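Trainee: Could we take a close look at one part of this protein, the sheet and the helix that packs on it? I would like to see how that part is put together.

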Amino acid sequence: MSRHLEVRDVLKTIVASARELLGAEYAALGVPDDHGGFAQFVVDGVSEDQWKAIGPLPRQHGILAAMLHGNETERLADVTKDPRFEGWPDAHPDMSDFLGLPIRDGDEVIGALFLANKRCPKPEGGCGFTAADEELLTILAQHAAIALTNARLYERSRELTIAEERSRLAHELHDAVSQKLFSLRLTAQAAAALVDRDPARAKDELHQVAALAAEAADELRAAVVELRPAGLDEDGLVATLRTQIQVLDRAHSAHVVFDSRGVKALPSAQEEAFLRVSQEALHNALRHSGAARVDVVLEKRDDSVRLTVADDGSGFEPADVRRAGRHLGLVSMRDRASGIGGTLTVQSAPGKGTTITMEAPGA
């Protein structure tokens, strides 16, 4: 648990560890929000299709509320017979014996851990979970509280770092580029005033406009180079992509999924190019396509690395690719791909979604 720095990775590890250690069929961990629901709810033992069929995240009521608002561990022979039980959706798996407890950071309840259906012979009318299971889960919850708190602090630290970096770059852009552009504007105005009465001087002023424009472009290019995300240098491409996609998944109604297959460290220029293309493609899918799901896959091929961003949105007509290129930033993405010796392809059709694939040489 302590190896992970992203909150969701910590939650998944806690749930999987609890289920394995205690021999349960199902495990779940909920992190409460401030509105009677859950900011995050992670399950283990339930397939993705089952989880979709179950529907929205549960609310804080019944047994779940008891875990979040009390201090006691709950060990039940049959959760459905408890007076606090309020039912569950039709697609929810059947559960009987139950073990749950709050995860606490001091006096604050930061989550609740639940296990159901112990894989063992049950005593007649009794619970399969034992006092020893309860003790083990309590120890696990104490470690989980430390790991979860550390992960939250890490994410908060990263947010502050990003905010400071944006502020610094904004200041540098104002001081460098804005001054150049101001000079360029004044020089262009002078050239316009001189063009009729003194064409020679106007020509000199226009040369100065060209020089100032080139300087402004150089300053802007230098600032953009510094926009390489701090997390990319620190964590690498895979971890940075995973974190950003987790944020997008929470922030948008579309389900955004990331899968990495065998990709390790890449040269700095390649990692930045793959990250920028994925960001542009995700922006298109989430803002323009109306997609319900977006899949991002980064995979190692024989002698290359491939990024695929596929959505199930509205798509577009390939014959209109030039117009779409301007609208969807495809030119910029192709430039980034070619800049590292790679290629970018786009497959789309009206009503059939869009798939953007970038492939570049990679060890």
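Mentor: The protein has 10 helices and 10 strands, where helices (H or I, at least four residues) and strands (E, at least two) are DSSP runs numbered from the N terminus. Keep in mind that this is a predicted model, with local features needing pLDDT of at least 70 and side-chain atom pairs counting only at pLDDT 80 or more, while totals for chains, interfaces and linings use all residues. Residues are numbered from 1 along each chain as its sequence is written, and side-chain values use heavy atoms, leaving out hydrogens and water.

Now to your sheet. It is open and has five strands in the order E2-E1-E5-E4-E3, with antiparallel pairing; two strands pair if DSSP finds at least two bridges between them. E2 and E3 are the edge strands, each pairing on one side only. On average, neighbouring strands here are turned by 15° against each other, direction ignored; the axes behind such angles are lines fitted to C-alpha atoms, for helices over the stretch in contact, and angles run from 0 to 180 degrees between N-to-C directions. As a reminder, strands of a sheet pair through backbone hydrogen bonds, either parallel or antiparallel.

Look next at E1 and E5, which run antiparallel and are joined by six bridges. Contact here means heavy atoms within 4.5 Å.

H3 itself spans residues 62–69, and seven of its eight residues are buried, meaning under 20% relative accessible area, with exposed over 50% and partly exposed in between (1.4 Å probe, protein chains only). Those buried residues are Gly62, Ile63, Leu64, Ala65, Ala66, Met67 and Leu68. They pack against E1 (24–32), E2 (38–44), E3 (74–76), E4 (98–105) and E5 (108–118).

Helix H1 covers residues 7–22, and its buried residues include Val7, Leu11, Ile14, Ala18 and Leu22. Just after H1, Gly23 takes a positive phi of about 65°.

Technical notes. The expected span of a helix is 1.5 Å times one less than its number of residues.
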